Amino acid sequence: MSFLMSLMISLASPQARASDVDSALGSLIYSAASDGGFSSLVYRARSGSVVRAFEDGLVFNYDDAFRESYLSFDNSYSVVHFSMSGELSGDGGTERLIHKMYLCAFVRMSDGCVVSVDVGEQCGGEWRGPKQWSSSLSSTNKSLLATAPNIESIYKSYASGRKDKSQVFSPKIHAYFLEGTTFDNVLACDPPSEANKMTYIDLLIQLQRDGDVNNFKKLREVLGVSGLMDAGEVPAAF
């Protein structure tokens, strides 16, 4: 049975149980069962550390019958099926319509990084080899897993404001993340280090300028814990 069929069956079933996708590298923990899926998904490393890469308000699909099919052949990636809902304005902006979108994410099992998010036919595929996802769009779609979010490209796009008029997000930086993911995913995919320290500090300043208090505090704490900034040091915004 295809992933697309299993997705439809699981979403229709109210008997979803908490479970996980486990590999030698780490685990994806599905919990908080609700009608048609789960409302929580986190990555847990073998060390016990937890990554919350996904936003609140999503519904995650999981079916025990297809547990082994979620992992790539070498167990280094897992596909995650999820849905998100939002409001659309009707004619004249007087009517509000609930729109649901079905997506799939590809998670690196070594660190919990969501390397790619897709929608539509791509999500109805299956693993065909190590790190190779096959769908009706491509028989060996290597590009799907070729690149993960990195702080340099995210900062450059965010600082340029190129999406500010086309997409409305609060806080603004969320427009530059993969669909359905959080700042924690960026930190998992490209952890702060000496190599990218200055880019993260530049981002910290930009967050301060934009009044993004929560993400500013999160990043400031991470930089402090990692030893990349002195305790109590706050960069000047101007």
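Cys104 and Cys123 are both buried. They form a disulfide in this predicted model, with their sulfur atoms 2.2 Å apart. A search of the whole structure finds two disulfides. The other joins Cys113 to Cys189.

**Disulfide Cys104–Cys123**
- The S-S torsion of Cys104 and Cys123 is about -80°, so this disulfide is left-handed.
- Cys104 sits in strand β7, residues 96-108. Cys123 sits in the loop between β8 (114-119) and β9 (126-129).
- The two cysteines, Cys104 and Cys123, are 19 residues apart, and the pair links distant parts of the chain.

**Disulfide Cys113–Cys189**
- The S to S distance between Cys113 and Cys189 is 2.0 Å.
- The torsion about the S-S bond of Cys113 and Cys189 is about 95°, so the disulfide is right-handed.
- Cys113 lies in the loop between β7 and β8, and Cys189 lies in helix α4, so the bond ties together parts 76 residues apart in sequence.
- Both Cys113 and Cys189 are buried.
- With the bonded cysteines numbered in sequence order, the pairing reads 1-3, 2-4.

**Helix α6**
- Helix α6 covers residues 213-225, 13 residues in total. From first C-alpha to last, α6 reaches 18 Å, close to the 18 Å expected at 1.5 Å a residue.
- Asn215, Phe216, Leu219, Arg220 and Leu223 are the buried residues of α6. Seen down the axis of α6, they fall within an arc of 130°, so they line one face of the helix.
- An α-helix has 3.6 residues a turn, so residues three or four places apart point the same way.
- The buried residues of α6 pack against α4 (183-189) and α5 (197-209).
- On the face of α6 turned away from the buried side are the exposed residues Asn214, Lys217, Glu221 and Val225.
- Gly227 follows α6 and has a positive phi, near 80°.

**Helix α3**
- Helix α3 spans residues 151-160. Its buried residues include Ile151, Ile154, Tyr155, Ser157 and Tyr158.
- The buried residues of α3 pack against α4 and α5. Buried residues of α6 also pack against α4 and α5.
- Gly161 follows α3, and its phi is positive, near 70°.

**Model confidence**
- The chain averages a pLDDT of 83, and 77% of the residues score at least 70.
- Over residues 1-17 the pLDDT is below 50.

Note on methods
Residues are numbered from 1 along each chain as its sequence is written. This is a predicted model: local features need pLDDT of at least 70, side-chain atom pairs count only at pLDDT 80 or more; totals for chains, interfaces and linings use all residues. Side-chain values use heavy atoms; hydrogens and water are left out. Helices (H or I, at least four residues) and strands (E, at least two) are DSSP runs, numbered from the N terminus. The expected span of a helix is 1.5 Å times one less than its number of residues. Buried means under 20% relative accessible area, exposed over 50%, partly exposed in between (1.4 Å probe, protein chains only). The arc is that of the directions from the helix axis to the C-beta atoms. Contact means heavy atoms within 4.5 Å. pLDDT is the predictor's confidence in each residue, from 0 to 100. A disulfide is a pair of cysteine sulfur atoms within 2.5 Å.
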